[in-house]
Amino acid sequence: MSHVDTPPPRARSKGRATSRNPETRFDAFARVAEDDGWHVDEDLPLVRTEIRDEVPRRVISRNTSPDIGFDRSINPYRGCEHGCIYCFARPTHGYLGMSPGLDFETKLIARPEAPRLLARELARKGYTVAPIALGTNTDPYQPIERDRRIMRGILEVLQAHRHPLSIATKGSLVERDIDILSEMAAARLARVGISVTTLDAELARRLEPRVPPPARRLQTIERLAKAGIEVRVMASPMIPGLTDPELEAILQAARDAGAVGAAWVMLRLPYEVAGLFEDWLDRHAPLRKEKVLARLREMHGGKTYSADWGHRMRGEGIHAALIARRFDLAVKRLGLAEHLSPLRCDLFEVPLGTERQPSLF
C-alpha cells in the first residue's frame with residue numbers, strides 16, 4: 001500500500017499536527033501529488049477521525065529493553081488523536097499499512113475486547129505479577145476513550161485482581177477514574193504520570209493539537225494528588241533549543257500542583273518522525289529549526305536520532321549532559337523523587353468466578 005504525501009483528497013486537516021501522509025519504510029511504491037493547474041477555491045470538509053475495532057489474541061505486550069523500567073504494558077488503542085507531532089509511536093502505524101503522518105492521528109484502532117482478554121491472561125496458572133504500564137505507546141485517555149471506555153474496563157479488571165499498574169497520559173480524562181485509582185493508590189497499587197512538554201499554551205497547541213493545554217494538565221495533577229494518588233510529572237520530551245529552557249519551570253509548576261516525582265526524556269525522532277518534525281519546524285519555528293536539529297545531531301553522533309540502548313532516551317554530549325544536570329539539581333531543590341518506591345505485587349489474587357478460581361455458588 002502506498003500513500004499520497006498530502007491530506008486525503010477533498011479534505012482539510014485543520015486542528016491536526018500535520019497535513020502530510022508520507023509513505024512508510026514498508027511501502028514498495030511512493031506517490032507524489034502534483035498541482036492539476038485548476039486554481040479553484042473549494043470549501044473542503046475537515047478530515048474526520050475514523051475508528052475501527054481489533055480483537056488481538058492477547059493484550060499484554062512484553063519487552064526486554066534494558067532502558068525501560070517495566071517489562072509489560074497494555075495499549076487500548078493504536079494511533080492517537082492527540083496528534084503530538086513528535087510522537088515516537090507514529091512509525092508503528094506502518095505495520096498496519098497506514099501512514100505515520102495524518103493517518104496516525106485520524107485512523108484509529110480500538111480494542112474493545114481488551115478487558116475480557118486481560119482477565120483471561122491474568123487467570124493463567126503461570127502468570128507472574130509485575131506492574132503493568134498503560135499508555136506507553138499511545139495515550140489511553142485520548143478523546144475517543146470518553147465514548148469507548150476501554151481504559152475504564154481495563155482498570156476495573158486490574159482493580160478486581162489487585163494488580164499493580166502505572167499510567168502515562170496527557171489526558172485530563174484520567175480524572176474520570178479517580179474512584180478506582182484512589183482506592184488502588186491507597187494500597188500502593190497505582191500511580192500516574194502526567195506529561196507536560198511546555199508551559200506555553202500556544203506552543204503546546206501547535207505541538208500537541210488535541211491535548212489539554214498545560215494549565216489543564218497541571219490542574220489534573222492537583223486533582224489526582226488531592227485524591228491521594230501518587231503523581232509523577234514527565235517533562236518529556238525535552239526538545240533542545242525549543243522547550244528545554246522551560247525544564248525548571250515545568251518541574252516547579254508540577255511540584256506546586258502536587259507532583260511528588262519527576263522524569264524526563266529527550267526528543268526521539270525514529271524513522272518517519274524525523275521528516276514530519278522537520279516539516280513542523282519549517283511551518284511553526286523556522287528560525288529555531290537549525291538550532292534544534294544541530295543540538296540533536298550533537299547528541300546522536302551526527303544523526304537526528306540513534307536508537308541504541310542506553311543512549312536513545314537521553315542522548316550524549318555536552319548539551320545532553322547539561323540538561324541532565326539541570327534536572328538533577330532541580331528535583332533535589334524541589335524535593336521531587338526521580339525514583340519512587342515500588343508498587344506492591346503481593347496483593348494479587350484472581351477473583352472468584354473464573355476458570356482458575358471458580359465460585360462455590
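In which sense do strand S1 (residues 50–53) and strand S5 (residues 107–110) pair, and over how many bridges?

Guide: This is a predicted model, in which local features need pLDDT of at least 70 and side-chain atom pairs count only at pLDDT 80 or more, while totals for chains, interfaces and linings use all residues. Residues are numbered from 1 along each chain as its sequence is written, and side-chain values use heavy atoms, without hydrogens and water.

Strands S1 and S5 pair in the parallel sense, and four bridges link them (pairing requires at least two DSSP bridges; strands are DSSP runs of at least two residues, helices of at least four). Within this pair, aspartate 53 stands opposite alanine 110 of S5. S5 is also joined to strand S4 (residues 77–78), this time by two bridges and with the strands running antiparallel, and there isoleucine 109 in S5 is the bridge partner of arginine 78. In general, strands of a sheet pair through backbone hydrogen bonds, either parallel or antiparallel.

From here you can turn to an open sheet of seven strands, whose order is S2-S3-S6-S7-S8-S9-S10 and whose pairing is mixed. Strand S2 (61–62) and S10 stand at its edges with a single partner strand each, so one side of each has no neighbour in the sheet. Further along that order, strand S6 (residues 132–134) and strand S7 (residues 165–169) pair in the parallel sense over three bridges, and leucine 134 has isoleucine 167 in S7 as its bridge partner.

Helix H7 (residues 214–226) lies across strand S8 (190–195) and strand S9 (231–238), running at about 165° to S8 (angles run from 0 to 180 degrees between N-to-C directions). Arginine 217 is found in H7, and at 1% relative accessibility arginine 217 counts as buried (under 20%, with a 1.4 Å probe). Apart from its neighbours within four places in sequence, arginine 217 is in contact with residues including Lys170, Ile194, Ser195, Glu208 and Pro212 (contact: heavy atoms within 4.5 Å).

Glutamate 272 is placed in the loop between strand S10 (261–266) and helix H9 (273–284), and, leaving aside neighbours within four places in sequence, glutamate 272 is in contact with Glu23, Thr24, Arg25, Pro91 and Pro100.

Two pairs of helices complete the picture. The axes of helix H4 (residues 150–160) and helix H5 (residues 178–186) come within 10 Å and cross at roughly 30°, and that makes H4 roughly parallel to H5 (under 35 degrees). On the H4 side, Arg152, Leu155, Glu156, Leu158 and Gln159 take part, and they meet Asp179, Ile180, Leu181, Glu183 and Met184 in H5.

Helix H8 (residues 247–257) and helix H11 (residues 318–334) have their axes 10 Å apart and pack at an angle of about 25°, which makes H8 roughly parallel to H11 as well. In this pairing, Leu247, Glu248, Leu251, Gln252 and Arg255 in H8 meet H11 residues, among them Ile323, Phe327, Val331 and Leu334.

Key
Angles under 35 degrees count as roughly parallel, over 145 as roughly antiparallel, 65 to 115 as roughly perpendicular and the rest as oblique. Buried means under 20% relative accessible area, exposed over 50%, partly exposed in between (1.4 Å probe, protein chains only).
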